[in-house]
Amino acid sequence: MRIINSFFYAIGQGFKNLTRNRWYTLASIATISACLFLFGLFYSIITNFQYMVHAAEEGVSVTVFFDEGTTEDQILALQADLQVRPEVSKIDYESADAAWEGFKEQYLGEYADGFTENPLADDANLQIYMSDVSMQPALVTYLESVDIVKTVNRSEITASTLSGLNKLIAYVSVGIIVVLLCVSIFLIHNTVTIGISVRKEEIGIMKYIGATDFFVRAPFVIEGIIIGIIGSIIPVVVVYFIYNEAVVYIGTHFAMLSNLLAFVDSTVIFEKLAPISLIIGVGIGFLGSFITVRRHLHV
Amino acid sequence: MEKSFRNKMSRDNGASKNEVIVMENVTKSYNEGAPALNGVTLHIKKGEFVFIVGDSGSGKSTLIKLLLRELVPSKGTIKVMGYDLARIKRRKIPFFRRKIGVVFQDFRLLKDRNVYENVAFAQRIIMKSNRDIRRNVPSILATVGLAGKYKSKVNELSGGEQQRVALARALVNRPDILLADEPTGNLDPGNTRDIMKLLEQINENGTTVIVVTHNREIVNEMKKRVIKMNKGVIVNDEENGVYIDEDY
């Protein structure tokens, strides 16, 4: 019962501390919010970049044509072989007849009646779509080594551009995360330093009276966690609105780019961003208060 | 005076069960310069009222910090209420401190809380139930003469009243020893007398009271045991002693 009393007392004091040191509370919330706001923006932008690059990657295909006399069974066997490769996402088989039908429809129309035989009899092909464009050279090398394969058509420039873009995004991500981390550490260090000067006397008094480390620490840690929760909710909400507004704005003002710019739905982004931000916010709040108090417990 | 000091020292050589503080040959050195405390031996019995006097730099503050286990002695042993302060484990220090009430010159109250909460805080630390707190806090506030001010913020009180709050906080857990470090240093003569009367009353109820002070008038008026320190050593220890400035 007494422990429960102390527990609720610590929680009550944690909430009261928020209003006792209003400026410190506001500074801490602002610091965490600023860090997580930058993180949220960055996360949204990177997620969209990755989504667009991935969408472009999925449109890149390799077309394989076969030697004269290759049977449909041989082609279908190769298709089954390729389908199990991890870098392959989809394979479309186009038979010689289907190729001719498509050609007729697209280019000849009624003039096709003069053809009694299929002029594209050797143009049965496999169109291979990839999940990872950077593996295209390896796949092409393999295909060219297969006996029945005559030619492999691919766009090397597109593939190398996309895999280069992927690498660039990875480097930029790491770079921005490092910068954000440094900025966060600097800001949080400053806030914790302010917290120390505010708390020093109070912690000293508690220790002289005979408070255990746990009793001294608990209200501050609870206060830190509450600050972390508030400090993470604010930027997530702000980024959510900014994101939705930005998507609408770009959609209306840059309509000609609508084919290129396909945005990730906000719910997809925020169902990950919200918990990540909350964990980071609570983590910063917890550690910040824990470290602040620890420095003064040796009284 | 020198003779009586020697008599006292020999009398206390064998530690009796009645002693609540036993310091044997305690030295405390900081990084530089002469030791702040040099070979101090001091025995204080349960229920005593002791003044510790001396000029700035005489070692009084170091002595108090050692008794509160804020500092660890460089040499010698300190036993307070049976706790060996040179060897006590860190996690046991709070439990040791609960046996000692402490009052400072600058009151050290939690300024953002009212009188009641400042005193109740000491009870919450020892996990008293809310019902006990509601009974004990008003009772101790009445003892120190602040029954009507329990809702006041401490920074709205006078110096004398703030020191009474500090006293109430120190006493509410019924400590065995009350340690008062310059308790009247910031008070006018009227409040000084009131606080000293309270300390005397507390002592009469069985609590050992140790007062560190510069106030000659009070020391000389009260006729209690007086321990005088100078340059880190005890130069005089006398029952019914007086505090005389030897420069005059």
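Is Tyr116(B) buried or exposed? Let me start there, and hello everyone. With a relative accessible area of 18%, Tyr116(B) is buried, because the cut-off for that class is under 20%. One thing to keep in mind throughout: this is a predicted model.

So what does Tyr116(B) pair with? Searching the whole structure turns up twelve aromatic pairs over all chains. In one of them, the ring centres of Tyr116(B) and Tyr150(B) are 6.4 Å apart and the planes sit at 70 degrees, so we call this pair edge-to-face. The pair links distant parts of the chain, as the two tyrosines are 34 residues apart. Tyr116(B) belongs to helix H4, residues 115-125 of chain B, while Tyr150(B) is in the loop between helix H5 (130-143) and helix H6 (159-171).

Let me step back to chain B as a whole. You can count eight helices and ten strands in its secondary structure. The chain has 248 residues, and 54% of them count as buried. If you take the contacts in chain B between residues at least 6 apart in sequence, 68% join residues at least 24 apart.

Two residues of chain B deserve a stop on the tour. The first stop is Glu48(B), which you will find in the loop between strand E2 (37-45) and strand E3 (49-53). This glutamate counts as buried, because its relative accessibility is 13%. Leaving out residues up to four places away in sequence, Glu48(B) touches His43(B), Asn203(B), Thr207(B), Thr208(B), Val209(B), Arg225(B) and Glu239(B).

The other stop is Asn230(B), in strand E9, residues 225-230 of chain B. At 35% relative accessibility, Asn230(B) is partly exposed. Along the chain, Asn230(B) and Val53(B) are 177 residues apart, yet 8.9 Å separates their C-alpha atoms. With residues up to four places away in sequence again set aside, Asn230(B) touches Ser58(B) and Val235(B).

Now to the place where the two chains meet. How much area do chain A and chain B bury between them? The figure is about 2,400 Å², and 56% of that is on carbon and sulfur atoms. Chain A brings 23 residues to the contact and chain B brings 26 residues.

What about salt bridges? Across this interface there is one, and it is formed by Arg90(B) with Asp213(A), whose closest N and O atoms are 2.3 Å apart. As for polar contacts between the chains, the count is five residue pairs, with both residues at pLDDT 80 or more.

Which helices of chain A each supply at least two residues of the side that touches chain B? They are helix H1 (2-20), helix H6 (156-209) and helix H7 (213-253). H1(A) gives the most to that side, with eight residues. By residue type, the side of chain A that touches chain B divides into ten nonpolar, seven polar and six charged residues.

If you have the model open, do go back to that edge-to-face pair of Tyr116(B) and Tyr150(B), and then to the bridge from Arg90(B) to Asp213(A).

Conventions. Residues are numbered from 1 along each chain as its sequence is written. Chains are lettered from A and ligands numbered from 1 in the order in which they are written. This is a predicted model: local features need pLDDT of at least 70, side-chain atom pairs count only at pLDDT 80 or more; totals for chains, interfaces and linings use all residues. Side-chain values use heavy atoms; hydrogens and water are left out. Contact means heavy atoms within 4.5 Å. Buried area is the accessible area (1.4 Å probe) that two parts lose on being put together, summed over both. A salt bridge is a side-chain nitrogen of Lys or Arg within 4 Å of a carboxyl oxygen of Asp or Glu. A polar contact is a pair of N or O atoms within 3.5 Å; within protein, one must be able to donate a hydrogen and the other to accept it, and residues adjacent in sequence count only if both atoms are side-chain atoms. Helices (H or I, at least four residues) and strands (E, at least two) are DSSP runs, numbered from the N terminus. Ala, Val, Leu, Ile, Met, Phe, Trp, Tyr, Cys and Pro count as nonpolar, Asp, Glu, Lys and Arg as charged, and the others, Gly among them, as polar. Buried means under 20% relative accessible area, exposed over 50%, partly exposed in between (1.4 Å probe, protein chains only). Rings of Phe, Tyr and Trp (its six-membered ring) pair if their centres lie within 6.5 Å; planes under 30 degrees apart count as stacked, over 60 as edge-to-face and the rest as tilted.
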